[in-house]
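Dear colleague,

I am handing over the structure that we spoke about, and my notes on it follow below. Please read them with the model open beside you.

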Amino acid sequence: RVQSYREAITRFDLAFARARMARDYQMVRPRFHGRSVAVTGGRFLPCEEVCRELGTTYLPLEVTLDASATVIFGSNMGGKTVALKTLAFLQLCAQAGLFVPAEAFSTRLFQHFHYLGEGCAKGEVRGLSGFGFEIRSFIEAWDSFSESTLVIFDEFARTTNSREAEAILSAVVESVSRSETVTALFSTHFRGVSRLPEIQYLRMQGLDRRGLALGQDASMTLAARIRIIDEHMEFRLIPDAEDAQVADAIVVAELLGLPSEIASRAKHYFKQDC
């Protein structure tokens, strides 16, 4: 009898804790239906908390993934990784039986969930380079693709040269797009990824350069530089056109303190390549 009382109290305590968390973080009940994944006002709570501490604006995620494969382009520090982590966070909350920090979240249950990106390694894999580890991680994920799977690729193949990376990434995106069981989300800054009609292409809106003063004071702290970037970066997902010009990296490097003479020469070489 004591054992049954203890189990009942445990269930009540967990239910109460979940309800209190849902109230404190303004969470809603997820909806499970269909194939697409749709997020309205989705929030990655750890990032939102950091923004609150820094006094910077946090922009919730708005996206609908209605294709087997979705590719997100964007510059460095443009918010691609946060977008991926937000989706992963919401899905994990939903499949753990929790409410989710969003205005609305509809998804489906996945039997497998893979995150392939920076920080996913638990330790050094003997004999493998960073690129080798990425490929092995993908091969292990591939074995589950015959069943319902959510897979997130954060800058996949970033550890090899750009031309081969674009070729590998294009082949993986193409393969995944034909699957009826897999929902895949890719982030990349490689613009040479092949364009296929059945794939959804999005990009982070990027740096708003209006009123942006380059050549910052050399004595400016890193925190102040990051604040300037955050204040001018548009962390919104928008449809991507193949001929869209996304070139924020040199400006971001300059804002972070890259010497002006190097930034100037980098812009010179970049214009030559264009």
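Which are the buried residues of α6? They are Arg 225, Ile 228, Ile 229 and His 232, where buried means under 20% relative accessible area, exposed over 50% and partly exposed in between (1.4 Å probe, protein chains only). Because these residues cover an arc of only 95° around the axis, they lie on the same side of α6; the arc is that of the directions from the helix axis to the C-beta atoms.

Before going further, please note that this is a predicted model, in which local features need pLDDT of at least 70 and side-chain atom pairs count only at pLDDT 80 or more, while totals for chains, interfaces and linings use all residues. Residues are numbered from 1 along each chain as its sequence is written, and side-chain values use heavy atoms, with hydrogens and water left out.

The chain has 8 helices and 10 strands, these being DSSP runs numbered from the N terminus (helices H or I, at least four residues; strands E, at least two). Buried residues make up 40% of the 274 residues in the chain.

To return to helix α6, which spans residues 222-232, the cover over its buried residues includes β9 (200-207), β10 (233-239) and α7 (249-255). The face turned away from the buried side of α6 carries the exposed residues Ala 223 and Glu 231. Leu 222, also found in α6, is exposed, with a relative accessible area of 53%.

Helix α2 (residues 45-54) can be described in a similar way. The buried residues of α2 are Leu 45, Cys 47, Glu 48 and Cys 51, and they cover an arc of only 160° around the axis, which puts them on the same side of α2. As a general point, an α-helix has 3.6 residues a turn, so residues three or four places apart point the same way. What covers the buried residues of α2 includes α3 (80-95), and α2 is followed by Gly 55, whose phi is positive, near 75°.

Turning to the strands, 4 of them form an open sheet with mixed pairing, in the order β1-β5-β2-β3, where two strands pair if DSSP finds at least two bridges between them. The edge strands, each pairing on one side only, are β1 (31-32) and β3 (61-65). Strand β5 (residues 104-107) pairs with β1 in the parallel sense over 2 bridges, and Thr 107 in β5 is the bridge partner of Phe 32.

Technical notes. Contact = heavy atoms within 4.5 Å.
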